[in-house]
Amino acid sequence: MSSSTNGGSVTASASQDNDSTPLTELETAEILQSIRNSTTVPATSLPADLALSLDLPQHQPPEESLRDRASYYWDASTMAPLNAVSAAALARLRAYKPPPFPIWDRLPVSRRAAVLILLFADRKGDLRVVITMRAASLRNFSGHAAFPGGKADSLAESPYQIARREAWEEIGLPMDDAKIPKPFRIEPLCSLPCSLAKTEMAVRPCVAFLHAEDVPGKPMALVDESMIPRLDAKEVAAVFSAPFHNFLKAKDEPREGETPPPGDWYDGYWHAWQNEPWRVHNFHVPVNNQKVTKPKVREGEQGALAGELEDEEDEVQRFLVWGMTGRMLVDAARIAYGEEPEFEHNSHYGDEHLLEILENAGRLPDKKKKEIGQEAIKEEVKEAKI
């Protein structure tokens, strides 16, 4: 399927070459410096093609499996476990600069929102992304997965400040970096082009990396085993993670020691959004091999649904990630890995051309807040805020 839009063409990419694009000089220099400064010898050699691009000696095993292409090394700046593919992905994200979007500065505060795409490295050095499940969506366990995020409180807030504040309110991730439990720290990487929410708000994705620094004399800390369980799902019913690179694939990527649960990873369809073709991505994320963080203090519907999830978590082995969240994940992964997806997708990033159409039509005025009664539950209050 192919159709032209302001932001680019809609493409079916199943036949495209999915090899990573060559590293830029900036990416190469950053990774090379990291490896040269490393105090730990890499566990295995770098792939031949990557070693050539980094001007490193090649010591490739004669029979190397595909999984070994992500050869392990220690990132000296953080001493967190990252393989070469993940390090290159972070370098691309650090180097990425979104195109100018002057409409943001003209938007009223009620039309501004941001989300936090928080990445971390797992034990194998692969990148994973933190996702939440909203309480109201869990009744049928098919509902609305989302990134931590929400509406701006003031015109003075930057998108990253909005995202961090909302991450504190929703999952307990401290706004103040000094209050993040040691040995963890957060590095802002980049922001992506704005997406258009169904409530006709501009939503800016902010990508960040959660480092786990090495502490001498102590075991290596891993985010998914040490940090994620410390979070408190204060305004959501669950916090889980997903393999970041898999958002470019049509099937579950094989992972050593893990068996995917029954069901498909991906399905999708085309939808007319603001009279433009818009690809809806449905990702069914396995949660059978991870700990899903739930609220520590449970009140009302949020607590009841979280408890219901616990009672049935043996049966529910995949969470649905779709809509704007799914689209942002595809955009972020395309930029990070320099690859195109195996499935059909919109070739442009975000929905800024749609936001421009709405602004020109006078459809982005200040929004009046809804009246909230005293008996309103937290989820209703949050929806009214947004």
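The model is predicted: local features need pLDDT of at least 70, side-chain atom pairs count only at pLDDT 80 or more, and totals for chains, interfaces and linings use all residues. Residues are numbered from 1 along each chain as its sequence is written, and side-chain values use heavy atoms, with hydrogens and water left out.

The chain has 386 residues, of which 54% are buried. Its secondary structure comprises 10 helices and 16 strands.

**Overall fold**

- Helices (H or I, at least four residues) and strands (E, at least two) are DSSP runs, numbered from the N terminus.
- Buried means under 20% relative accessible area, exposed over 50%, and partly exposed in between (1.4 Å probe, protein chains only).
- Of the contacts between residues at least 6 apart in sequence, 72% join residues at least 24 apart. A contact means heavy atoms within 4.5 Å.
- The chain exposes about 17900 Å², and carbon and sulfur atoms supply 52% of that area. Accessible areas come from the Shrake-Rupley method with a 1.4 Å probe; for residues, only the protein chains shown count as cover.

**Cysteines**

- The disulfide count is zero. A disulfide here is a pair of cysteine sulfur atoms within 2.5 Å.
- For cysteine 190, the closest cysteine sulfur is in cysteine 206, at 8.7 Å, which is too far for a bond. Cysteine 190 is buried, at 12% relative accessible area.
- For cysteine 194, the closest cysteine sulfur is also in cysteine 206, at 8.8 Å, again too far for a bond. Cysteine 194 is buried, at 0%.

**Salt bridges**

- The structure holds 19 salt bridges. The criterion is a side-chain nitrogen of Lys or Arg within 4 Å of a carboxyl oxygen of Asp or Glu.
- Side chains of opposite charge can pair when their charged atoms come close.
- Aspartate 177 and arginine 164 form one of these bridges, at 2.8 Å, N to O. The pair links distant parts of the chain, 13 residues apart: arginine 164 sits in helix 5 (159-171), and aspartate 177 in the loop between helix 5 and strand 9 (184-191). Aspartate 177 is partly exposed at 39% relative accessibility, whereas arginine 164 is buried at 4%.
- Arginine 204 and glutamate 352 meet at 3.6 Å, N to O. Arginine 204 belongs to strand 11 (residues 202-212) and glutamate 352 to helix 9 (residues 352-360), so this bridge ties together parts 148 residues apart in sequence. Both residues are buried.
- Glutamate 340 and arginine 334 meet at 3.2 Å, N to O. Glutamate 340 is partly exposed at 23% relative accessibility; arginine 334 is buried, with a relative accessible area of 5%.
- A network of salt bridges links Asp153, Glu157, Arg165, Glu166 and Glu169.

**Aromatic pairs**

- The whole structure contains nine aromatic pairs. Rings of Phe, Tyr and Trp (its six-membered ring) pair if their centres lie within 6.5 Å; planes under 30 degrees apart count as stacked, over 60 as edge-to-face and the rest as tilted.
- The rings of phenylalanine 244 and tyrosine 337 have centres 5.6 Å apart and planes at 50°, so they form a tilted pair. This pair links distant parts of the chain, 93 residues apart: phenylalanine 244 lies in the loop between strand 12 (238-243) and strand 13 (266-273), tyrosine 337 in helix 8 (residues 323-337). Phenylalanine 244 is buried at 0% relative accessibility, and tyrosine 337 is buried at 3%.
- Phenylalanine 247 and phenylalanine 283 pair edge-to-face, because their planes stand at 80°; the ring centres are 4.8 Å apart. Phenylalanine 247 is in the loop between strand 12 and strand 13 and phenylalanine 283 in strand 14 (residues 276-286), so the pair ties together parts 36 residues apart in sequence. Both phenylalanine 247 and phenylalanine 283 are buried.
- One aromatic cluster is made up of Phe247, Trp265, Tyr266, Phe283 and Phe343.

**Strand 12**

- Strand 12 is mostly covered, with six of its six residues buried.
- Ala238, Phe240 and Ala242 point one way from strand 12; Val239, Ser241 and Pro243 point the other way; all are buried.
- Strand 6 (residues 127-133) runs antiparallel to strand 12, joined to it by six bridges. Two strands pair if DSSP finds at least two bridges between them.
- Methionine 133 has alanine 238 as its bridge partner in strand 12.
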